[in-house]
Amino acid sequence: MCVSARATVFAFVVSIATQAIAVSPGAGLLAVAGKDTGAASPGGEAAPRAVMSLSTGWRFKQASGLSGVEGAQFDDSQWSEVTVPHTWNRLGNEGTERSPQSNSVQGTGWYRLRFKPPAAVPGSRYFLQFDAVSTIADVWLNGRYLGRHEGAFARFRFDASAAINSTGDNLLVVRADNSRPQPGAATQNVIPLSGDFFMFGGIYRSAALIVTQPVHLDMLDFGGPGVYGRALAIQPGTATVQVTSRVVNNASSPQRLRVETAITAADGSVVASSTAAAGPMTPGAVSVLQSNLDIANPHLWQGVRDPYLYRTVVTVRSVQGVELDRMTQPLGLRTLQFDPNKGFFLNGEHQYLKGVAMHQDRPVKGWAVSDQEDEEDFAILADMGATAVRLAHYQHDQRSYELADSAGIVVWAEIPLVNKVSFDGSAANAALAANARQQLLELIQQNRNHPSIALWSIANEVDLTATQTQGPSRPTALLKSLKELARSQDPDRLTTFADCCEVALAPRTAEGPRTADGVPGTAPRDPIVGIADTVGYNRYFGWYYGHFGDFGPMLDQAHERHPQLPICVSEYGAGAALTQHSDDPTGGPINPHGRPHPEEMQNLYHERSWDALRQRPYLWGAFIWNLFDFASDSRQEGDLTDINEKGLVSYDRRIRKDTFYFYRANWSTQPTLHLVGRRHVDRPYAVLDVKAYSNATRANLTVNGTEQGATSCSGGICMWHAIHLQPGSNELRVTADIGGTAVSDSLQWTLAGTPSVVRIKAGDISGYVSADRQRYGSDMYFSGGEGKGVNRPDIPDDKRIEVAASDPRLYDSFREGEFSYRVPVPDGRYQVTLKFEEPAAAAGERVFDVLVNGKAVLKRFDIVAAAGGKLRAVDKTFQAKAQEGALFIEFRPVKGHALVAALSIVPVADGRASR
Ligand code: GCU
């Protein structure tokens, strides 16, 4: 392992991991080991530990202000019976109204469970293990207070030996509190203080009683397995692994022990082993033993290509050889390098990490998800061809890291220090800093054995709130202490964090600069990029701010500004609603915090953004925000409620949005051919471009069985231009041969109108059906100019300016500038109606000509003069002849910009316009 001068490369060797084992028949009691307790023996001896799942039989009530609940006499007969994992919250639904079934109550939930422990040898130790309780857990056993855990995402254990009734009934009581953090709240010093995700309350991961012998591996090391491994060196012929075991003597007398450490290959054969004598250990002592083992011809963990896993098995025996405890952890040997100029290297081989970010929730269940659901999520991730995952913004359950280990997916793991470190912009107070450090130690101790984890992230957008409120931000001290803690606790991994707001790279938004340090008149903000070993940039060019084309230059600037810093993109993404569509997502502005969110905009956003990212080899990777839609009570967007819909897959995992296939075509080697736009069935325009996402080199299109020809595909995109639909239903079919595999895809589109009637709503990204039931498609067939709205997209309905018109909505957007429309219609005579309103200029300030097929139809046109004022509708109608299948309408500014709000083109037959 070497860390050369900060200037250049970070290189690391690491590894170890986890695994569960056999289960005994009896419900609830796992003879061996439940989920990742790892207590299995290569020799198949009976497990020294008993793990009793505490999943069923809980009584639950969500209420605040209750007292005496921990007492045996408390009457919970009217409470509901629940199974753990459990949450009382439920959030996120289709539609624009919150579903009556939603429950977004943040407060206190009480759980009571009666249980009998398994039979055990005298002097056994009893540990209550909770894989996660949100957000604060207070635990009582038989009325005795065992303690409190502050943090919603990590496993914690209490030694219940003094309180337990080992031969009879026990009453376990848990109070879970997910109050919204604010000054004075119980959660005021528990991170996250805020975040764009909902904090589901409850015992939302597994709970168990673990019974060990008096001498056992440490159960109270920040919830870790008590056995940790690190590869000290990896050379082609040999690797040296150091295994650290923490042994605890809870017997009443000193103990002499034997600690056996073995490393087994995937087939179970032992490839290295050692035995060390320990003790005499005094009662209550914790002994830390280290043994170095050499593995000949190590088989490396090679990511998705070959995620090879060994296992480390530590067995604690008495000097008589009686097995007292055992822990099994998988081992993965690999080296990691982060080079500021060349990117990421796994075992010396360059990899551009193709990443996605994920939250841990599902519809209805919230965070109380199952292993099967995690497995499904990782199968979807692998199917898309991703090679890395950012498990955001907190510690996920063990199953997720195990799945990453065995699938070879590189993991960005993080603690939930999100948006701010205090409520007033000051530095973090001691209590919050201590909590962040605790959550970091839990993350590391519980997960350091996963070879998939490459980095510890210590924060996400920690100065976002200050940036948005133009307030002060002082996270430096906390970030520095977290970085140092992570490096001292686990010197084999780098630290990172995700930045939203570094000033020099600040995108300009409507509300002015997104960050402040150095921007006059705004509160001081700590420059933080560079505190961690690497940095990830969360940037949303072309969605929240700026333009697609700004992304690349911003990253180049960052690279220039931080030449020694390995950089990645830790978030980029755009929303997509499955029921909202656009004929051309470049037609008008999007409201990133509202509705609509046409699916096509997400496609365009990712096509452009990925194009910028893949051309920057200094990036060690990029993480799409987000693989799945997820719950957030601050989101009323697209066609959903309480859901952030930047996912490439729907919240219920049923629908893979088009963009999913864009990445599959670019990232996966599996043959991919996907026609884009299958949910935009009802089409307003007869002539349009057809797109497919594919990793084919060429693909063929037919429409209603008629050949449209083959086209070459590049960058995962195959395009057919100016395809004609027939009125009514159209079947589109694409075929291709990908590496000898014939693939095809098809979809149905319906042309609502006829090819000779075209109505366009300029500057509008989703179109409109007018009061007189005419369908105006979203802005299309234009070249030049800019699509805009009379109101900024994020202006709430009750504050919107209205145009004076019989149908104001038809005039609330426009194309402005110097532009033209080439509208494809069959040759013939047409009545053209152009609709105008003046959003801002005074009379004489905006004057322009309109030409059709080069002939002026409006000269020195001034809307205000024609309409009799600003924000007043005026239409101009004239007849024109379409030639070569199109009408070419030009808008040429004379003074200021030209402008049009809508265009209506209908054929004229026997001198009269058809409707
Ligand atoms: C941020 C943030 C995420 C959030 C995302 C978004 O960058 O880190 O938590 O969900 O932006 O706005 O969708």
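**Contacts, rings and a helix pair**

Leaving aside neighbours within four places in sequence, Thr212 is in contact (heavy atoms within 4.5 Å) with Arg49, Ser124, Arg125, Phe127 and Met219. The model is predicted: local features need pLDDT of at least 70, side-chain atom pairs count only at pLDDT 80 or more, and totals for chains, interfaces and linings use all residues. Residues are numbered from 1 along each chain as its sequence is written, and side-chain values use heavy atoms, with hydrogens and water left out.

Thr212 belongs to strand S14 (residues 207-212); strands are DSSP runs of E with at least two residues, helices runs of H or I with at least four, both numbered from the N terminus. Its relative accessibility is 1%, so Thr212 counts as buried (under 20% relative accessible area, 1.4 Å probe, protein chains only).

The structure holds 43 aromatic pairs, meaning rings of Phe, Tyr or Trp (its six-membered ring) with centres within 6.5 Å. Phe200 lies in the loop between strand S13 (170-177) and S14, Trp367 in the loop between strand S26 (353-358) and helix H1 (371-384), 167 residues apart. Both residues are buried. Ring pairs also join Phe153, Phe197, Phe198, Phe200, Tyr204, Trp367 and Tyr394 into a cluster.

Further along, the axes of helix H3 (residues 430-447) and helix H5 (residues 476-489) come within 10 Å and cross at roughly 25°; axes are lines fitted to C-alpha atoms over the stretch in contact, with angles from 0 to 180 degrees between N-to-C directions. H3 and H5 are therefore roughly parallel (under 35 degrees).

Methods: Angles under 35 degrees count as roughly parallel, over 145 as roughly antiparallel, 65 to 115 as roughly perpendicular and the rest as oblique. Buried means under 20% relative accessible area, exposed over 50%, partly exposed in between (1.4 Å probe, protein chains only). Rings of Phe, Tyr and Trp (its six-membered ring) pair if their centres lie within 6.5 Å; planes under 30 degrees apart count as stacked, over 60 as edge-to-face and the rest as tilted.
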